[in-house]
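The following exercises are to be worked with the sequence and the coordinates at hand. Each task is followed by a solution in steps.

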2 protein chains.
Amino acid sequence: MQQLPDGTPTLETVARLANVSVASASRVLNGIKTHPETLRRVREAAAAVGYVPNAAARSLRSRRTGQIAFAMPDVSNPIYTAMVGSIALVARANGSRLILHSTDANTGDELSFLADLKQRYVDGLILCSLDFTDAHAEAIAASAVPVAVIGNPTKGAKVDTVRANSRHGAADAVKHLHACGRRRIAFLNGPERTAPGSARKLGYLDALRACGFERDDSLFEVAADFTVEAGEEAAARLLDRARPDAIFCANDLLAVGALAAARAARLGVPGDVALVGMDDTTLARVTSPTLTTVDLGGAERARLATELLLARIARPGRRPRTVAVEPRLVVRESSGATS
Amino acid sequence: MQQLPDGTPTLETVARLANVSVASASRVLNGIKTHPETLRRVREAAAAVGYVPNAAARSLRSRRTGQIAFAMPDVSNPIYTAMVGSIALVARANGSRLILHSTDANTGDELSFLADLKQRYVDGLILCSLDFTDAHAEAIAASAVPVAVIGNPTKGAKVDTVRANSRHGAADAVKHLHACGRRRIAFLNGPERTAPGSARKLGYLDALRACGFERDDSLFEVAADFTVEAGEEAAARLLDRARPDAIFCANDLLAVGALAAARAARLGVPGDVALVGMDDTTLARVTSPTLTTVDLGGAERARLATELLLARIARPGRRPRTVAVEPRLVVRESSGATS
DNA sequence: CGGACTGCTGTAAACGTTCTCAACAATCGA
DNA sequence: TCGATTGTTGAGAACGTTTACAGCAGTCCG
């Protein structure tokens with residue numbers, strides 16, 4: 001009836017002031033054609049009281065929230081913050097808000113987050129998972145809102161997907177090291193049961209074959225995690241054990257860790273040991289030596305995923321699409337390229 | 001009435017199945033005491049249909065969204081992602097979702113974001129602004145929801161605030177360089193009209209005085225932005241012009257830029273020129289040499305701000321509080337400390 | 001001049017919750 | 001046996017929108 005105790009103006013406040021019905025007020029504010037006179041009156045009234053529509057009421061009625069969510073494994077990995085930036089850009093152009101969720105790469109958390117979508121506080125989700133299981137596929141199929149995946153869904157999952165070709169990327173990195181004259185090329189991987197872990201391992205093996213190397217398991221090391229600390233530890237073991245002349249690291253954080261380990265072992269980079277990372281994060285430009293790395297197109301993938309998601313939200317019937325982004329080797333100092 | 005075409009179960013679906021009223025169903029699901037038998041029936045019905053309450057309806061009615069927002073200048077600066085991580089943690093423990101907004105340090109954007117809060121899609125906002133104006137103070141006073149500020153509000157603004165003492169921090173950094181034997185200590189600042197810019201400059205001047213130095217304007221350089229690129233450019237100018245034996249940089253990104261500039265100028269760090277940054281971001285641990293820096297307690301400040309915000313949301317009448325976090329010098333390699 | 005349009009408008013019914021209130025049954029004390 | 005008390009329930013009114021529908025002027029055509 002009257003002004004709310006709260007003081008926040010509602011559509012009714014505006015309508016009352018403009019001497020029209022709430023319906024008319026609503027129409028004006030949604031740009032539906034009305035008599036110029038009503039239009040003017042409503043506009044003025046709205047401006048006078050500083051009316052802003054209530055998001056909850058609007059979404060309750062229209063079944064749209066204007067929000068999308070991004071669920072990622074780890075806020076502190078710069079590759080994901082790059083993705084966040086990219087998503088935020090597209091979302092904003094679309095007039096959507098962005099909700100962030102960090103899953104700590106925990107499958108259980110990812111699944112319960114998917115279940116939570118039933119609350120419909122969001123119009124769609126971009127899910128970046130390191131380890132996509134059948135349970136994910138089911139949860140997504142049963143999900144209340146559209147989901148776009150960045151990563152590698154299980155075969156046959158009907159989801160909009162953006163994938164990187166990290167197997168190729170890994171192979172390129174190793175071939176590059178070979179071309180730089182390295183002959184004992186080690187591989188510092190992250191957890192192998194993750195999708196990136198297994199794909200990158202395959203790429204490494206592909207390249208070994210292509211270069212005519214024997215497989216040597218002593219050149220193989222696995223870090224507990226895709227982090228700098230784990231990378232440093234694992235690299236230390238590796239350097240101590242196998243004396244490689246190059247290390248291909250499964251991501252930039254591991255590479256930064258390896259750099260520290262090499263320094264601790266008084267090995268020159270790239271002199272004694274060359275290093276290649278993966279992801280082309282902002283870190284790669286600030287280390288010394290700067291880091292040769294493989295750009296898997298993180299920002300680009302995030303952008304594409306967002307666009308796929310928005311397209312599906314607009315047209316839910318749409319056939320799921322999969323797009324791939326090709327890797328690109330970025331040569332900097334750490335690989336000791338002669339050029 | 002019947003199952004929605006949508007298929008999503010509502011409270012009515014549950015009530016119908018359990019043979020009770022929606023009111024009873026609601027009570028059960030909100031943990032209000034009911035007859036054990038109804039409780040059981042409702043629980044079972046809810047589980048059977050996989051009921052999840054609708055967020056929009058719930059917030060419309062209860063005037064709570066369970067969401068808080070964080071507005072920050074720049075997603076790609078690791079100090080802010082550290083804050084995001086910290087906020088996400090507290091928010092999650094509180095059962096709140098986190099909305100992210102990047103303002104590009106643009107005052108207009110910050111203000112329009114504040115105005116948007118009238119939509120009430122969020123229970124509160126944590127605002128991190130580099131340049132807090134009177135307009136901000138007004139907008140916050142008129143805001144629809146509580147706001148907590150990380151930074152330096154204008155005097156007299158009645159807002160929950162968490163501030164860093166970056167003036168002290170800056171002075172500590174410079175004194176440290178002096179203690180390391182440096183005598184031509186330059187200052188690489190970011191834009192001076194920002195709060196951090198001006199505070200850090202004051203701190204630098206404080207320290208000069210304390211160490212008994214003359215003020216020398218040639219040791220003074222301002223980068224266009226708090227970024228690596230701007231830092232590198234400005235540092236190059238500085239090194240070329242003034243030959244300092246140390247540079248105190250107003251944040252870690254600038255310091256990383258300075259490191260690159262020094263390298264380009266074939267100056268050893270810390271041998272020829274010592275470097276100190278500010279913020280103690282993750283970057284500081286990965287550069288080579290590792291970066292001496294001043295920890296302004298970013299994560300801690302973010303945590304405190306979130307707690308202040310949540311407390312105010314719970315009790316809006318509460319008197320605004322200001323808490324400060326003291327800086328802490330973190331000595332690493334780049335300052336050439338002899339110890 | 002009557003009927004069929006056209007152009008706007010207001011009434012009222014959703015959307016899915018929460019919560020006040022009154023109704024009702026059962027228990028108790030006198 | 002009756003009134004008061006307690007415990008539990010359902011009807012229904014919010015919350016602030018959007019939108020289907022009907023109504024009511026005018027205009028146009030035959």
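**Exercise 1. Identify the residues at the centre of the largest nonpolar core, and describe the surroundings of one of them.**

Solution. The model is a predicted one.
Step 1. The largest nonpolar core has 96 residues, and those touching the most other members are L188(A), F248(A), L188(B) and F248(B).
Step 2. When neighbours within four places in sequence are set aside, the contacts of L188(A) include E221(A), A223(A), G231(A), A234(A), A235(A) and L238(A). Also among them are I247(A), C249(A), A250(A), L254(A) and A258(A).
Step 3. As general background, nonpolar side chains tend to be buried together in soluble globular proteins.

**Exercise 2. Classify the crossing of helix α1 (residues 11–18) with helix α2 (residues 22–29) in chain A.**

Solution. 
Step 1. The two axes come within 8 Å, and their crossing angle is roughly 105°.
Step 2. Angles of 65 to 115 degrees count as roughly perpendicular, and α1(A) and α2(A) are therefore placed in that class.
Step 3. On the α1(A) side the contact is made by L11(A), E12(A), V14(A), A15(A) and A18(A), and on the α2(A) side by V22(A), S24(A), A25(A) and S26(A).
Step 4. Sorted by class, this contact has six nonpolar, two polar and one charged residues.

**Exercise 3. Classify the crossing of α1(A) with helix α3 (residues 36–49) of chain A.**

Solution. 
Step 1. Here the axes come within 8 Å and cross at roughly 125°.
Step 2. This angle makes α1(A) oblique to α3(A).
Step 3. The crossing of α1(A) past α3(A) is right-handed.
Step 4. From α1(A), T13(A), V14(A), L17(A) and A18(A) meet R41(A), V42(A), A45(A), A46(A), A48(A) and V49(A) of α3(A).
Step 5. The contact of α1(A) with α3(A) comprises eight nonpolar, one polar and one charged residues.

**Exercise 4. Locate the positive phi angles of R243(A) and N19(B), and determine whether each residue is exposed or partly exposed.**

Solution. 
Step 1. Most residues other than glycine have a negative phi.
Step 2. R243(A), in the loop between α10 (228–242) and β8 (246–249) of chain A, has a phi of about 45°. Because R243(A) has 15 C-beta neighbours inside 10 Å, it counts as partly exposed.
Step 3. N19(B), in the loop between α1 (11–18) and α2 (22–29) of chain B, has a phi of about 65°. With 11 C-beta neighbours inside 10 Å, N19(B) counts as exposed.

Definitions and conventions. Residues numbered from 1 in each chain as written. Chains lettered and ligands numbered in written order. Predicted model: local features only at pLDDT ≥ 70, side-chain atom pairs only at ≥ 80, totals over all residues. Axes fitted to C-alpha atoms, helices over the stretch in contact; angles between N-to-C directions. Helix = DSSP H or I, 4+ residues; strand = E, 2+ residues; numbered from the N terminus. Parallel < 35°, antiparallel > 145°, perpendicular 65-115°, else oblique. Contact = placed C-beta atoms within 7 Å. Nonpolar A, V, L, I, M, F, W, Y, C, P; charged D, E, K, R; others polar. Core = buried A, V, L, I, M, F, W, Y, C linked by C-beta atoms within 7 Å. Buried ≥ 20, exposed ≤ 12 C-beta atoms within 10 Å, placed from the backbone. Left-handed = near helix turned anticlockwise from the far one by under 90°.
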